[in-house]
Amino acid sequence: MTPALGVCYYPEHWPEAGWERDAASMAEVGIRIVRIGEFAWSRLEPTPGDLQFDWLIRAMDVLGRHGLKVVFGTPTATPPRWMIDKHPDMLAVDARGQRKGFGSRRHYDFSHLGYRAECQRIVKLLADAIGQHPALSGWQTDNEYGCHGTTYSYSPAALSGFRLWLEQRYGTIEALNEAWGNVFWSMEYNRFDQIELPNLLVCEAAPAHDLDFRRYASDQVAAFNKVQFDILKQARPDLPVIHNFMSRYTEFDHYDVAETLDIASWDSYPLGHLATSNEPDEVKRLYLRQGDPDNAAFHHDLYRTVGHGRWWIMEQQPGPVNWGIFNPDPLPGMARLWAWEAFAHGAEVVSYFRWRQAPFAQEQMHAGLLRPDSEPAPAYHEATQVAEELRATGLAGIAAKGRVGIVFDYQSEWAWEIQPQARGFTHGAHVRAIYAAFRKHGVDIDILSPHTKSFAGYDIVAIPALFAWNETLRTAIAEFEGHLLIGPRSGSKTENFSIPAALGPDLPQNLLAAKVIRVDSVDPQLEVEVKGGGGSVHHWRERIETTAEVVIEDAENWPVLLSQGKLFYLAASGSKALVQRVVDYLIAEADLPTLALPAGVRCRVRDGMRVYVNYGAGPATLTPAADETGYVLGGVDMPAAGVTLARLATAG
Amino acid sequence: MTPALGVCYYPEHWPEAGWERDAASMAEVGIRIVRIGEFAWSRLEPTPGDLQFDWLIRAMDVLGRHGLKVVFGTPTATPPRWMIDKHPDMLAVDARGQRKGFGSRRHYDFSHLGYRAECQRIVKLLADAIGQHPALSGWQTDNEYGCHGTTYSYSPAALSGFRLWLEQRYGTIEALNEAWGNVFWSMEYNRFDQIELPNLLVCEAAPAHDLDFRRYASDQVAAFNKVQFDILKQARPDLPVIHNFMSRYTEFDHYDVAETLDIASWDSYPLGHLATSNEPDEVKRLYLRQGDPDNAAFHHDLYRTVGHGRWWIMEQQPGPVNWGIFNPDPLPGMARLWAWEAFAHGAEVVSYFRWRQAPFAQEQMHAGLLRPDSEPAPAYHEATQVAEELRATGLAGIAAKGRVGIVFDYQSEWAWEIQPQARGFTHGAHVRAIYAAFRKHGVDIDILSPHTKSFAGYDIVAIPALFAWNETLRTAIAEFEGHLLIGPRSGSKTENFSIPAALGPDLPQNLLAAKVIRVDSVDPQLEVEVKGGGGSVHHWRERIETTAEVVIEDAENWPVLLSQGKLFYLAASGSKALVQRVVDYLIAEADLPTLALPAGVRCRVRDGMRVYVNYGAGPATLTPAADETGYVLGGVDMPAAGVTLARLATAG
Amino acid sequence: MTPALGVCYYPEHWPEAGWERDAASMAEVGIRIVRIGEFAWSRLEPTPGDLQFDWLIRAMDVLGRHGLKVVFGTPTATPPRWMIDKHPDMLAVDARGQRKGFGSRRHYDFSHLGYRAECQRIVKLLADAIGQHPALSGWQTDNEYGCHGTTYSYSPAALSGFRLWLEQRYGTIEALNEAWGNVFWSMEYNRFDQIELPNLLVCEAAPAHDLDFRRYASDQVAAFNKVQFDILKQARPDLPVIHNFMSRYTEFDHYDVAETLDIASWDSYPLGHLATSNEPDEVKRLYLRQGDPDNAAFHHDLYRTVGHGRWWIMEQQPGPVNWGIFNPDPLPGMARLWAWEAFAHGAEVVSYFRWRQAPFAQEQMHAGLLRPDSEPAPAYHEATQVAEELRATGLAGIAAKGRVGIVFDYQSEWAWEIQPQARGFTHGAHVRAIYAAFRKHGVDIDILSPHTKSFAGYDIVAIPALFAWNETLRTAIAEFEGHLLIGPRSGSKTENFSIPAALGPDLPQNLLAAKVIRVDSVDPQLEVEVKGGGGSVHHWRERIETTAEVVIEDAENWPVLLSQGKLFYLAASGSKALVQRVVDYLIAEADLPTLALPAGVRCRVRDGMRVYVNYGAGPATLTPAADETGYVLGGVDMPAAGVTLARLATAG
């Protein structure tokens with residue numbers, strides 16, 4: 001498949017007289033996909049039942065005339081004001097018990113069944129009206145589920161939904177009391193209708209109570225999406241249904257929602273993500289205008305799995321945005337680099353957000369490909385260049401399968417938010433640290449679901465800080481013949497958020513004869529050096545009772561890395577240096593080939609080509625790899641924000 | 001006009017037997033004005049309709065007998081508890097939706113028309129009862145509008161008022177939808193009664209929505225004041241109506257409120273203002289017991305304009321106060337210095353707060369001229385000295401007109417709070433930075449309203465970080481023949497909070513041929529050096545498309561200062577050094593005379609005298625200026641907290 | 001009395017089949033006391049009126065068979081869910097006005113009389129059912145009053161209770177208005193039913209209003225406890241009634257609550273207390289795994305007084321816990337050291353929390369003597385060692401009376417929270433600083449109530465930062481013949497939270513001829529050196545008008561330490577070095593004997609033995625004291641976490 005550029009466009013924001021010129025310009029840039037519609041409900045149905053789809057069809061006609069394909073976003077993230085008159089209780093309630101108001105977006109409660117029915121209605125009407133339009137090439141459901149903290153609502157609707165969900169899960173109140181450990185503080189319920197939501201309590205809820213609420217809330221997002229998916233697939237079984245996820249919004253399980261999607265997409269804003277990350281100041285300063293060199297890639301690899309192999313960038317940052325605490329101007333070339341990196345990781349489409357900067361409303365400081373005065377902004381030219389380069393290089397196919405797999409699990413994110421035991425301890429940080437350590441060596445990585453059936457084909461698989469095993473994963477581990485790195489805290493809980501009877505990491509003794517008998521959690525600034533080779537442990541350490549070999553231990557003689565055959569257990573959170581050391585050790589053990597990359601340079605293989613990108617603030621010089629036969633784009637000397645494509649010997 | 005000292009006095013707090021002695025002591029100090037009454041409603045009307053004005057008249061009699069003039073403060077900032085029984089919904093509602101309670105002060109909602117009528121009633125009754133009292137010399141309306149965050153209320157009264165205000169402003173809902181850009185996220189309304197207040201939303205409101213709410217709230221303060229003004233002027237057309245504003249409380253437009261005032265006054269607490277400012281720690285330490293050397297002066301110059309040329313200090317800090325996070329003891333002499341500085345800037349009255357420290361209730365740790373045991377506190381002696389020095393020096397007249405004008409605009413404060421784009425970006429900080437840079441050279445400055453009709457008479461005018469032009473200001477700019485410095489972000493929006501069609505700074509091309517085509521906002525700690533001469537840009541930079549001359553550019557070749565004739569455009573926020581460099585450049589261009597002042601020393605001219613004040617923690621030595629003919633008070637050697645008055649050759 | 005070890009046990013959490021083994025193991029460890037029952041209400045009364053006490057009696061039977069004595073905790077801290085159905089308004093309301101929910105613990109409002117009656121009912125039923133059980137040896141009322149911020153509720157029940165309490169206190173509304181200074185801001189009430197709670201106001205309430213609300217809330221805790229005490233004493237006059245207090249939870253007056261207790265106990269978690277303290281980072285790092293060397297001891301000495309001489313540790317940290325931001329593993333030996341230190345200070349019982357780590361619910365990461373898999377955790381062995389050492393050393397008797405007394409007053413904690421005047425100014429910090437300075441010299445200290453009738457027997461008494469004198473304390477001071485150190489801000493208020501007519505410190509002139517005429521409060525980082533001998537003042541300084549001798553003054557000539565005969569007045573908050581200097585000066589003046597202790601080592605005398613504990617992270621060497629005749633346990637060389645018992649020559 002040849003990848004394509006796209007753009008997000010809002011014909012309803014602009015005079016109809018200008019649509020033609022816009023479409024022509026898009027085509028000139030080389031754009032092939034245009035997403036429209038997802039905020040237009042008040043123009044599609046200005047008052048209840050008054051359907052105004054003509055303008056939409058005219059807009060699609062115009063785009064189609066210029067050879068552009070349309071992805072239509074269902075408008076359910078922004079119901080019009082009159083909807084609140086019909087369903088005043090469809091507005092979500094925040095954790096402090098306050099009903100949220102109308103006047104921005106995502107003003108609905110996933111648990112509100114009346115609003116879910118309204119979404120069903122409008123999506124059906126739209127599918128009927130535009131489903132056969134020749135320009136239509138796909139659907140987007142809603143927009144950015146969960147954005148602005150909208151996964152959770154503490155409303156009466158959520159409460160009654162939660163009680164029903166619990167009854168379905170546990171059957172009897174006795175089973176729930178047992179599962180949650182309610183005897184602990186006399187928290188035992190007599191009936192399901194006594195159960196409350198876990199907000200506004202005197203102190204923390206039982207962790208299983210809190211976790212079940214998060215599972216419930218996640219399930220509502222999936223159910224909400226399924227309603228639209230079912231209608232859209234019925235209307236056009238041949239067209240893909242897509243949702244645009246947000247990175248680092250982990251309040252619901254993206255794998256679950258994607259069960260009713262054909263393609264996963266995500267909205268990539270690299271600068272803001274770095275600014276709000278926990279990276280040290282010097283890293284933030286170094287990559288201020290480029291973004292973290294591993295963060296976008298991580299999400300590319302994640303959403304490739306979420307999307308069952310098919311994924312897009314639905315919104316790509318084109319310049320400074322409006323929503324950061326600060327909003328830097330990207331380094332010239334980054335709008336090109338980010339697109340190329342996405343394609344390298346297998347993106348089918350990279351769609352810039354947005355066509356023209358809107359001079360009004362909330363996002364008026366968000367750059368587009370055009371300035372508000374319709375002149376080209378820098379990204380306009382960079383997009384044009386990418387389109388030309390795509391044609392010139394002929395990149396196609398799909399992303400290469402990685403040789404390393406890393407399990408990322410949403411439930412583990414929830415679990416350690418509920419019970420960090422050390423402030424700031426998260427699943428994702430452990431996953432990303434290992435990801436970055438492998439990627440520095442030019443290794444291609446796949447992110448894996450916690451329900452992965454088999455690890456076959458991977459040289460190394462890593463599972464850090466995983467909440468609880470499931471049977472599928474246990475089987476995959478038991479059957480895996482490669483090297484396996486299991487990280488701190490993995491398997492330290494049962495599905496019901498209790499400590500396993502045999503204690504963590506709760507693996508069969510033949511795989512790993514070890515029990516975590518004590519946890520030491522301290523301020524991350526307090527480091528304990530690790531013997532023989534550098535690195536330090538901090539934040540989290542486990543005292544282990546084990547018969548496995550101790551490969552690394554810290555200066556206080558706590559084990560850090562154990563091995564039992566090809567299974568390795570990392571018993572602590574480590575500094576970057578230690579994580580790198582452990583990863584290097586595994587790479588050596590597994591005899592995995594690596595590349596020597598300059599600092600700031602990263603790469604990924606697709607379609608017989610290796611795509612290099614230079615995130616560094618200055619130039620870098622590549623060392624050609626043995627499997628490369630020459631350059632399709634760029635060369636060994638990479639400027640800042642440079643892109644180089646090397647052709648591989650093994651390619652067809 | 002000969003300036004006078006005043007004091008704030010609460011006869012209702014003290015036994016009547018002591019009033020006579022208090023009045024006699026005030027007269028001994030040299031006090032001429034006494035403000036009373038503004039917190040006394042529960043004593044003036046203990047139960048509804050039970051008017052008890054006799055004690056007040058007796059108190060005024062006592063004061064009058066000692067030659068003291070009374071300013072009577074209407075008691076509307078502290079309605080008695082029974083008023084809440086009558087109007088339970090007059091209590092304001094906070095942004096989280098909670099009704100505020102009775103038990104402190106300012107417990108009313110500016111939008112509540114029932115309470116506004118109660119204020120009309122009590123003010124009329126008081127005007128009738130004491131309006132002709134021979135000691136009466138003026139009125140204060142209410143007390144410190146906006147203090148404790150009381151400008152905004154999110155109540156049903158505010159909501160219905162806001163809807164009505166919007167209907168009056170926009171006429172049709174279509175016009176409002178257009179002005180706010182409501183199509184953006186399907187935020188379009190069908191009717192005015194669907195509009196909500198901009199609190200408790202899922203994410204931010206449309207900026208025009210938020211700005212209109214602030215305009216509405218500001219208008220309510222003005223309307224509230226007008227009710228009292230109309231009554232008081234009708235009762236005594238000859239007496240001034242005054243309000244005591246708070247510095248840095250910018251939630252409402254002080255210029256607008258002052259349309260129904262004869263004199264502006266403000267309450268000056270220099271130490272707390274420094275402590276809560278953004279100044280670096282070393283500045284806070286240096287001026288811990290003196291206050292920022294430019295802050296009080298800035299407000300003097302501001303309120304002189306707010307008051308149409310007439311202004312007072314209604315409350316002057318006399319010692320440590322109670323409301324700071326910390327409450328340092330001022331350096332000996334500061335209560336004198338602050339008074340002198342106010343007089344130098346044109347104050348008619350400086351009134352100390354308060355006569356005697358109250359041993360009870362919320363402000364018991366707030367110093368007075370007397371200690372709680374009625375012994376003189378240090379400021380008692382300093383006030384006595386000021387009174388003597390006023391007599392001895394014969395200072396009179398008004399403050400000299402400045403040669404530099406700087407525009408300060410409340411609406412711009414609201415706009416950048418709503419949309420900072422870089423955390424901490426404010427209009428006021430830019431204004432004050434330029435103010436301080438001019439003032440270090442001994443230049444007299446006027447603060448100008450954004451509705452100033454003409455800049456004639458000024459050598460230099462500065463307009464930094466202004467939200468949007470209005471026609472008056474555009475005309476003033478076009479007609480101005482002096483040097484004009486327009487600052488970053490000025491004119492970057494229309495009145496409806498959109499980006500202008502021609503982009504910012506949105507001035508006619510013949511004045512400034514420049515467009516801001518991109519904004520780069522970063523953490524203020526990240527500085528980019530400026531070429532040739534020092535200083536750095538940080539926080540905010542603009543990429544400019546221009547044919548104007550680039551006077552200064554930064555190390556990354558972004559333009560910093562442009563010039564087109566006598567119009568200069570500053571395209572970035574700058575370090576202190578850069579702002580000083582730009583100001584110095586303009587001073588040189590305009591050939592403006594300056595003084596060489598020691599660090600910590602500032603000055604202002606009034607009535608043919610130059611008043612020097614030494615904010616430094618140690619002594620300073622003046623260099624006599626060419627236009628000075630000798631010293632009326634003090635001399636070239638200034639101790640810490642010292643005051644020197646030089647007579648000017650040009651004086652009459 | 002021979003001290004004993006105890007443990008907290010929850011038979012309802014474990015299968016009945018395992019109780020016997022648990023009891024046998026406890027006896028093997030040497031445990032003699034087992035606390036049970038305090039979270040078991042849902043098992044004792046699963047539905048209203050369905051009493052299920054049989055299992056409890058069987059559990060007590062099992063424990064009794066193994067020679068274990070039971071302390072039964074009344075289950076009133078965790079009413080079952082059905083109780084909320086009966087009394088929906090028994091849930092407390094937070095300061096933001098939100099009703100708290102069911103699902104954790106302490107979900108009740110102390111002001112709710114309906115719930116108080118339910119507690120009376122269940123306690124009576126339990127006293128009837130188990131009061132004569134042979135294993136029963138005492139009662140605990142409720143659990144950790146005030147934990148999780150539960151002293152205050154802003155509910156209708158609290159409001160009506162507060163109004164009644166005020167009416168009883170003041171008699172007439174005029175008296176209340178006078179006491180609170182309500183004239184200040186027209187806050188005068190016409191009737192008691194107009195008074196509101198001091199939350200959600202526009203700005204701060206009158207301090208007397210706030211203080212009275214805290215007094216009211218504290219009285220409700222005492223009243224709540226008295227209900228249970230009366231029943232339990234009537235049932236078994238011979239058995240002690242105990243409550244387990246929390247350190248640093250000072251929202252209610254522990255002395256008052258203890259008026260209906262026979263024994264005070266407290267729950268000691270040294271690591272978390274250090275982590276949340278204001279100690280500098282280097283101290284936190286040094287004592288990360290040991291706790292502050294003076295904090296547990298301070299509370300031991302406090303609760304000895306609260307308990308009228310009798311006190312326990314009801315919950316002793318046995319390993320890492322779950323509730324800290326971070327939860328470090330204690331240094332090996334600390335579970336032993338903490339127990340020994342408690343015994344040295346007179347503890348009758350040290351009871352570890354808990355027997356077995358629970359694998360479920362909120363505290364699953366809280367260590368026990370057993371791991372969740374029932375294997376011994378490190379503290380199991382340390383407890384066994386302590387039990388053996390108790391037998392071997394024969395320690396008995398009571399803690400020696402201290403030679404130094406320091407007054408600690410809950411009301412002063414409330415007062416300075418209400419009106420810090422310098423952020424972070426607290427009573428307790430001043431008390432603890434003086435405590436630590438004396439204790440570094442090996443001096444035995446008693447903490448004294450502010451209602452102490454006589455200081456006879458003490459060499460030195462210190463009273464720092466005390467809100468207001470009471471007549472008892474004034475008499476004790478006047479009659480005291482030893483050295484008296486009165487600290488900054490003491491006596492600076494009347495009981496009604498006003499400044500005394502004669503100003504602070506408000507002592508008779510013959511005791512101390514001094515008036516505080518001004519307070520200087522600054523950021524604690526701003527220090528002023530003190531002349532001649534080191535140390536500095538910071539945070540709080542008082543300008544004094546005095547005829548007393550100035551012993552120490554600061555570099556700016558403010559008096560720091562005054563003396564008049566044997567009364568010393570400290571007019572500032574001091575650095576550690578200054579507090580030590582002042583304490584050393586008093587020790588010298590009073591000719592008090594001291595010991596030379598290594599850093600990190602502390603000691604206390606009980607029963608003719610001096611118990612040394614080494615809090616240091618490394619070994620320490622003792623210098624034998626002149627009064628010691630040899631070692632009963634350990635010796636001069638103390639390892640980290642070491643304990644040494646020296647026999648005293650003067651012992652019987």
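In which hand does helix 5 of chain A pass helix 8 of chain A? In this predicted model, the crossing of helix 5 of chain A with helix 8 of chain A is right-handed. The residues that make the contact are A:Tyr115, A:Arg116, A:Cys119, A:Gln120, A:Val123, A:Lys124 and A:Ala127 on helix 5 of chain A, together with A:Gln220, A:Ala223, A:Phe224, A:Val227, A:Gln228, A:Ile231, A:Leu232 and A:Ala235 on helix 8 of chain A. Classified by residue type, this contact comprises 10 nonpolar, three polar and two charged residues.

The geometry of the pair was also computed. Helix 5 of chain A spans residues 113–130 and helix 8 of chain A spans residues 207–235; the two pack at an angle of about 20°, and their axes are 9 Å apart. Because angles under 35 degrees count as roughly parallel, helix 5 of chain A and helix 8 of chain A are described as roughly parallel to each other.

At the level of domains, chain A is divided into domain 1 (4–150 + 237–393), domain 2 (404–590) and domain 3 (601–651). A distance of 30 Å separates the C-alpha centres of domain 1 of chain A and domain 3 of chain A. To their contact, domain 1 of chain A contributes 26 residues and domain 3 of chain A contributes 19 residues. About 1,700 Å² is buried between domain 1 of chain A and domain 3 of chain A, with 62% of this area given by carbon and sulfur atoms. Of the area that domain 1 of chain A buries against domain 3 of chain A, 31% is supplied by A:Leu337, A:Ala344 and A:Thr393, more than by any other three residues.

Note on methods: Residues are numbered from 1 along each chain as its sequence is written. Chains are lettered from A and ligands numbered from 1 in the order in which they are written. This is a predicted model: local features need pLDDT of at least 70, side-chain atom pairs count only at pLDDT 80 or more; totals for chains, interfaces and linings use all residues. Side-chain values use heavy atoms; hydrogens and water are left out. Axes are lines fitted to C-alpha atoms, for helices over the stretch in contact, and angles run from 0 to 180 degrees between N-to-C directions. Helices (H or I, at least four residues) and strands (E, at least two) are DSSP runs, numbered from the N terminus. Angles under 35 degrees count as roughly parallel, over 145 as roughly antiparallel, 65 to 115 as roughly perpendicular and the rest as oblique. A crossing is left-handed if the near helix is turned anticlockwise from the far one by less than a right angle, and right-handed if clockwise. Contact means heavy atoms within 4.5 Å. Ala, Val, Leu, Ile, Met, Phe, Trp, Tyr, Cys and Pro count as nonpolar, Asp, Glu, Lys and Arg as charged, and the others, Gly among them, as polar. Domain bounds come from an automatic or database domain assignment. Buried area is the accessible area (1.4 Å probe) that two parts lose on being put together, summed over both.
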